[in-house]
Amino acid sequence: MYKLGVSQGEFEDDAAGRAAFAKACAQSVSTDKGPDAMKEERRKKYELAMQFAMHAHKGQVRKGSSVPYIVHPIETALIAMTLTDDQDVVIAALFHDIIEDTPYGAQDIARDFGGRVAQLVQAESENKRRGQDASKTWKIRKQEFIDSLDHKTREEKIIALSDKLSNMRATYQGYREHGNEFWQRFHEKRKEMHAWYYRSVADKLQEFKDTDVWKELDHLIQEVFGGQPQEEGQRGTSTGL
């Protein structure tokens with residue numbers, strides 16, 4: 001498997017991100033024990049996946065910054081690659097925000113990358129409640145995600161964990177640079193609510209607690225939120241919303 005190393009802070013443009021992903025994919029393919037034709041098929045699938053993700057997220061940037069949004073899905077896929085050699089899971093990690101945040105749907109993914117990849121991406125896609133005030137639906141959307149972790153497969157949890165570590169790395173970096181002003185870029189502007197969310201997710205994913213990925217997520221949560229009080233005394237449990 002790919003070794004954990006590259007973080008979002010180390011590449012802040014899409015070219016560097018693509019290069020890191022290509023290097024990791026090449027490393028992954030080189031360790032395959034199958035015939036050369038199969039290796040070439042895997043390499044091409046990774047290449048096509050990157051092209052599709054770049055196209056889908058074209059023009060998008062991370063909240064409150066000029067960093068191309070594609071950096072986040074790339075990093076999520078790189079993190080997933082440290083937890084699994086399953087190409088479908090890695091590609092689904094790369095695609096995890098496509099259904100939520102782009103015009104493309106599950107059928108587009110299934111057509112070119114297979115039904116399993118599409119299903120994995122669908123499982124990670126949040127009900128955004130389009131047309132409603134996002135700041136008012138934030139908590140119930142996050143609670144739904146927390147609750148969904150009780151029913152996700154291990155493969156789906158790998159994508160969820162990878163996504164949250166990538167986001168938490170960006171949160172750590174942004175909070176260090178901007179302090180409490182950092183939270184104003186989000187629909188939910190209360191730091192304690194973000195603390196509740198990330199801690200709840202980490203608790204639900206403790207089956208990965210012996211991995212470097214979970215340990216880094218836990219460490220960054222502690223660094224950013226410290227002893228931040230839990231929302232309504234809850235930690236990883238339903239609030240009844």
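**Exercise 1. The largest pocket**

Task: Work out what volume the largest pocket has and which residues lie nearest its centre.

Solution. Begin with the term itself: on a 1 Å grid over the protein atoms alone, a pocket is an open set of points where a 1.4 Å probe fits, with protein on both sides within 12 Å along at least five of seven lines, and its lining residues have an atom within 4 Å of a point. Grid points are joined across faces, edges and corners, and the volume is the space filled by probe spheres set on the points. With these terms, the largest pocket has a volume of about 1200 Å³. Its lining holds 50 residues, and those nearest the centre are Arg62, Lys63, Tyr69, Asn167 and Phe186. The elements giving two or more residues to this lining are H5 (98-101), H7 (115-124), H8 (134-148), H9 (154-178) and H10 (191-204), all of them helices, and H9 gives the largest share, with nine residues. Here helices (H or I, at least four residues) and strands (E, at least two) are DSSP runs, numbered from the N terminus. Sorted by class, the lining of the largest pocket has 13 nonpolar, 18 polar and 19 charged residues, where Ala, Val, Leu, Ile, Met, Phe, Trp, Tyr, Cys and Pro count as nonpolar, Asp, Glu, Lys and Arg as charged, and the others, Gly among them, as polar.

The model is a predicted one, in which local features need pLDDT of at least 70 and side-chain atom pairs count only at pLDDT 80 or more, while totals for chains, interfaces and linings use all residues. Residues are numbered from 1 along each chain as its sequence is written, and side-chain values use heavy atoms, with hydrogens and water left out.

**Exercise 2. The second largest pocket**

Task: Find which residues line the second largest pocket and which helix gives the most to that lining.

Solution. The second largest pocket holds about 190 Å³ of space. Its lining consists of Arg18, Phe21, Ala22, Cys25, Ala26, Arg43, Tyr46, Glu47 and Met50. Two or more of these residues come from each of helix H1 (14-30) and helix H2 (36-56), and H1 gives the most, with five residues. By class, this lining has six nonpolar, no polar and three charged residues.

**Exercise 3. The chain and its core**

Task: Describe which elements make up the protein chain, and which residues touch the most other members of its largest nonpolar core.

Solution. The protein chain has 11 helices and zero strands. Of its 241 residues, 51% count as buried, a word that stands for under 20% relative accessible area, with exposed meaning over 50% and partly exposed in between (1.4 Å probe, protein chains only). Helix H3 (residues 71-81) is mostly covered, as 11 of its 11 residues are buried. A nonpolar core is a set of buried Ala, Val, Leu, Ile, Met, Phe, Trp, Tyr and Cys residues joined through side-chain atoms within 4.5 Å. The largest nonpolar core has 64 residues, of which Phe21, Leu94, Phe95 and Ile109 touch the most other members. Leaving aside neighbours within four places in sequence, Phe95 is in contact (heavy atoms within 4.5 Å) with Ala49, Phe52, Ala53, Ile109, Phe113, Val117 and Val121.

**Exercise 4. One side of H7**

Task: Explain why the buried residues of H7 lie on the same side of the helix.

Solution. The buried residues of H7 are Val117, Ala118, Leu120, Val121 and Glu124. They lie on the same side of H7 because they cover an arc of only 160° around the axis, the arc being that of the directions from the helix axis to the C-beta atoms. An α-helix has 3.6 residues a turn, so residues three or four places apart point the same way. The buried residues of H7 pack against helix H4 (87-94), H5, helix H6 (106-113), H8 and H9.
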